[in-house]
Amino acid sequence: MIDSSYMKRILMNLVANARQAMHNGGKITMNLYCTGDKAFVSVKDTGKGISEEVRRRIFKPLFTTKAKGQGFGLAVVKRLTEALNGTVMFESEEGKGTRFVVELPKNSKEGA
């Protein structure tokens with residue numbers, strides 16, 4: 001069980017972020033997998049990656065590296081994921097892309 005409106009917003013924001021990271025096209029891969037009492041959703045892109053300098057601020061509201069960005073997309077992902085008693089993490093390699101992973105308890109309707 002999960003709040004579908006929260007999950008839809010999380011996925012839309014992660015896919016939009018991935019798409020924007022790939023200025024000249026690329027590939028977005030989404031995966032869903034479960035282990036024990038946890039569910040994982042990953043969104044991976046083949047974009048430019050996230051620099052070390054930016055990584056520590058990536059989930060802060062109003063922080064953006066985009067000319068037209070408002071800095072809310074990843075902050076919203078973090079807030080909604082935490083409202084579902086989950087966590088969001090990422091791994092990135094400059095020049096090769098980024099992978100965000102949302103980890104949720106299988107029953108995460110609480111907090112919504």
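**Figure 1. Overview of the predicted model.** Of the 112 residues of the protein, 36% count as buried, where buried means under 20% relative accessible area, exposed over 50% and partly exposed in between (1.4 Å probe, protein chains only). The model is predicted, and local features need pLDDT of at least 70, side-chain atom pairs count only at pLDDT 80 or more, while totals for chains, interfaces and linings use all residues. Residues are numbered from 1 along each chain as its sequence is written, and side-chain values use heavy atoms, with hydrogens and water left out. The protein has three helices and four strands, which follow the order α-β-β-α-α-β-β from the N terminus on. Helices (H or I, at least four residues) and strands (E, at least two) are DSSP runs, numbered from the N terminus. Among contacts with a separation of 6 or more, 62% join residues 24 or more positions apart; contact means heavy atoms within 4.5 Å.

Figure 2. Four strands form an open sheet in the order 1-2-4-3, with antiparallel pairing. Strand 1 (28–35) and strand 3 stand at the edges, each with a single partner strand, so one side of each is left without a neighbour in the sheet. From one strand to the next, the twist averages 15 degrees. Two strands pair if DSSP finds at least two bridges between them. Strand 1 and strand 2 (residues 38–45) run antiparallel and are joined by eight bridges. Thr-29 stands opposite Lys-44 in strand 2. Helix 1 packs on the sheet, where it touches strand 1, strand 2 and strand 4. The direction of helix 1 makes about 25 degrees with that of strand 2. Axes are lines fitted to C-alpha atoms, for helices over the stretch in contact, and angles run from 0 to 180 degrees between N-to-C directions.

**Figure 3. The packing of helix 1 and helix 3.** Two packed helices are described by the angle between their axes and the distance between the axes. Helix 1 and helix 3 pack at an angle of about 150 degrees, with their axes 9 Å apart. This angle makes helix 1 roughly antiparallel to helix 3 (angles under 35 degrees count as roughly parallel, over 145 as roughly antiparallel, 65 to 115 as roughly perpendicular and the rest as oblique). On the side of helix 1, Tyr-6, Arg-9, Ile-10, Asn-13, Leu-14 and Asn-17 meet residues of helix 3 that include Leu-74, Val-77 and Leu-80. By class, this contact has eight nonpolar, four polar and one charged residues. Ala, Val, Leu, Ile, Met, Phe, Trp, Tyr, Cys and Pro count as nonpolar, Asp, Glu, Lys and Arg as charged, and the others, Gly among them, as polar.

Figure 4. Asn-13 is found in helix 1 (residues 4–21) and is buried, with a relative accessible area of 16%. Not counting residues up to four places away in sequence, Asn-13 touches Gly-73, Val-76 and Val-77. In helix 3 (residues 73–83), the buried residues are Leu-74, Ala-75, Val-77, Leu-80 and Thr-81. These buried residues pack against helix 1, strand 3 (87–93) and strand 4 (97–105).

Figure 5. Asn-85 lies in the loop between helix 3 and strand 3. Most residues other than glycine have a negative phi. Asn-85 has a positive phi of about 65 degrees although it is not a glycine. At 43% relative accessibility, Asn-85 counts as partly exposed.
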